[in-house]
Amino acid sequence: CDGFADTSDPDCPTGPGTTCADAIDVTSLSTWSGNFSDFGDYWSGGWACGGAGGSEAWCTATVAPGDIFAGTETSLSDVVIEIVGSCTASTCSEYEDEPETWSYHNETTSPRTVYFIVERYSGTSGALSLTFTNEPPPDGYDCPAAIDVTGASSWTGSLADYQNDWAGGYSCGSADGPDVWCTATVPAGNIFTIAETLSVDVVVERVASCAATTCTAYSDSPESLAWFNGTGSSATL
C-alpha cells in the first residue's frame, strides 16, 4: 500500500500508528518495538521532510512544561524521523536522518503534544525499535537554567546530556557541538576564570544576557576565559 492507496482497502494496514489520527501514544513509554510491515506507506511528505519513501509509523507524546521528550531508533533499520506540528500538517517542521535521534523541549508553560513519523528509507518491512525519555532537562541545558557556579571551584558533567541549540553569531567561536550554560556573580574587583580541564575540544563563549544572540568574548585555545569586574559593583556573567 503506497501513498496513493485507499486506507479503507482491506489489504492495507489500518492498525494503530498507520496514520496521524491513530498515532501510537508513547508519552509514558521507555521503549516500543514493531515491524514496518504492520504500517502502510501513506505519508508523502513535503517541504522540509526527509527523503524517505518506505512504510511509516506515527507516534505522539505529551510533554510537560519545561520537559524534554527525546527518542532514538535502535533497531538499525534505515529510517528518517519526521516531526509535524499537527495531524493537519502536510509538511515537516524538521527531520532527523543521521543520527536517528531527535528531541523536543517544551519551553511553554502548558503541556504540548508532539507528533513524529518514523519512516523507513525504503521498503515496507523490517524491525523497528524505539527508546524514549520524557523528563526535565539537566541544569545548564539552556540559558534560563544555567548552572550557578558562583561558589564552586569545579563542575563535571557529560556533553551527552545536552543538545546543540546555541547557534552563536557575531564574535562567537567556531563550534557546533552540545552546549552547557553556566552563570556566576562576580564581586567588584574580582576576577572570574573558567577553564575546561578534561582535554575535551570546546570553545568557551561569553554572552551579555539570555536574550543575547552574539558573544561578547570567546576563547578556543587555550580553552579558558577570564573576566575582571571593574564596574564598581557585583555583576552576573
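Reader: Where is the place of Ala48 in this structure?

Author: In this predicted model, Ala48 sits in the loop between strand 2 (31–35) and strand 3 (56–63).

Reader: How should I read the phi of Ala48?

Author: Most residues other than glycine have a negative phi. Ala48 is not a glycine, yet its phi is positive, at about 75 degrees.

Reader: Is Ala48 buried, partly exposed or exposed, and why?

Author: Buried means under 20% relative accessible area, exposed means over 50%, and partly exposed lies in between. Ala48 has 27% relative accessibility and therefore counts as partly exposed.

Reader: How far is Ala48 from Tyr95, in sequence and in space?

Author: Separation along the chain and separation in space should be read side by side. Ala48 and Tyr95 are 47 residues apart in sequence, while their C-alpha atoms are 7.3 Å apart in space.

Reader: What is the phi of Leu76?

Author: Leu76, a residue other than glycine, has a positive phi near 70 degrees. Leu76 belongs to the loop between strand 4 and strand 5 (79–84). With a relative accessible area of 80%, Leu76 is exposed.

Reader: How should I read the peptide bond that joins Glu98 and Pro99?

Author: Most peptide bonds are trans. The bond between Glu98 and Pro99 is cis, with omega at about 0 degrees. Pro99 is found in the loop between strand 6 and strand 7.

Reader: What kind of peptide bond joins Ser221 and Pro222?

Author: Ser221 and Pro222 are joined by a cis peptide bond, with omega at about 10 degrees. Pro222 is placed in the loop between strand 15 (217–219) and strand 16 (224–228).

Reader: Which residues make the nonpolar surface patch, and what is its area?

Author: A patch takes in residues with over 30% relative accessible area, and nonpolar side chains are joined within 5 Å. Here, Trp155, Leu159, Val180, Leu198 and Val200 make a nonpolar surface patch of about 420 Å². Leu198 lies in the loop between strand 13 (191–195) and strand 14 (204–206). Its relative accessible area is 61%, so Leu198 is exposed.

Reader: What is the volume of the second largest pocket, and how many residues line it?

Author: A pocket is open, and its lining may be described by residue, by element and by class. The second largest pocket has a volume of about 840 Å³. The elements that each give two or more residues to its lining are strand 4 (68–73), strand 6 (94–96), strand 7 (101–105) and strand 9 (127–135). The largest share, five residues, comes from strand 7. In total, 33 residues line the second largest pocket, and Ile68, Ser103, Tyr141, Gln163 and Asp165 lie nearest its centre.

Reader: How many residues of each class are in that lining of the second largest pocket?

Author: The lining of the second largest pocket has 16 nonpolar, nine polar and eight charged residues.

Reader: How many cavities of 30 Å³ or more does the structure hold?

Author: A cavity is a space in which a 1.4 Å probe fits but from which the probe cannot get out. The structure holds one cavity of 30 Å³ or more. The largest cavity contains about 70 Å³ of space.

Reader: Which residues line the largest cavity?

Author: The largest cavity is lined by Phe69, Ile83, Glu94, Trp102, Ser103, Tyr104, Val114, Tyr115 and Phe116. At least two residues of this lining come from each of strand 7 and strand 8 (112–120). By class, the lining of the largest cavity divides into seven nonpolar, one polar and one charged.

Reader: Where is the place of Leu29, and how far is Leu29 from Leu130?

Author: Leu29 is in the loop between strand 1 (24–25) and strand 2. Its relative accessible area is 32%, so Leu29 is partly exposed. Leu29 and Leu130 are 101 residues apart in sequence and 9.7 Å apart in space, C-alpha to C-alpha.

Reader: How far apart are Thr214 and Gly168?

Author: Thr214 and Gly168 are 46 residues apart in sequence, and their C-alpha atoms are 5.7 Å apart in space. Thr214 lies in the loop between strand 14 and strand 15. Thr214 counts as partly exposed because its relative accessibility is 31%.

Methods: Residues numbered from 1 in each chain as written. Heavy atoms only, no water. Patch = residues over 30% accessible without salt bridge, like charges linked within 9 Å, V, L, I, M, F, W, Y side chains within 5 Å. Areas by Shrake-Rupley, 256 points an atom, 1.4 Å probe, with all protein chains shown as cover. Salt bridge = Lys/Arg side-chain N within 4 Å of Asp/Glu carboxyl O. Helix = DSSP H or I, 4+ residues; strand = E, 2+ residues; numbered from the N terminus. Buried < 20%, exposed > 50% of the residue type's maximum accessible area, 1.4 Å probe, protein only. 1 Å grid on protein atoms, 1.4 Å probe; cavity = no way out; pocket = protein on both sides within 12 Å on 5 of 7 lines; lining within 4 Å. Points joined across faces, edges and corners; volume = space filled by probe spheres on them. Nonpolar A, V, L, I, M, F, W, Y, C, P; charged D, E, K, R; others polar.
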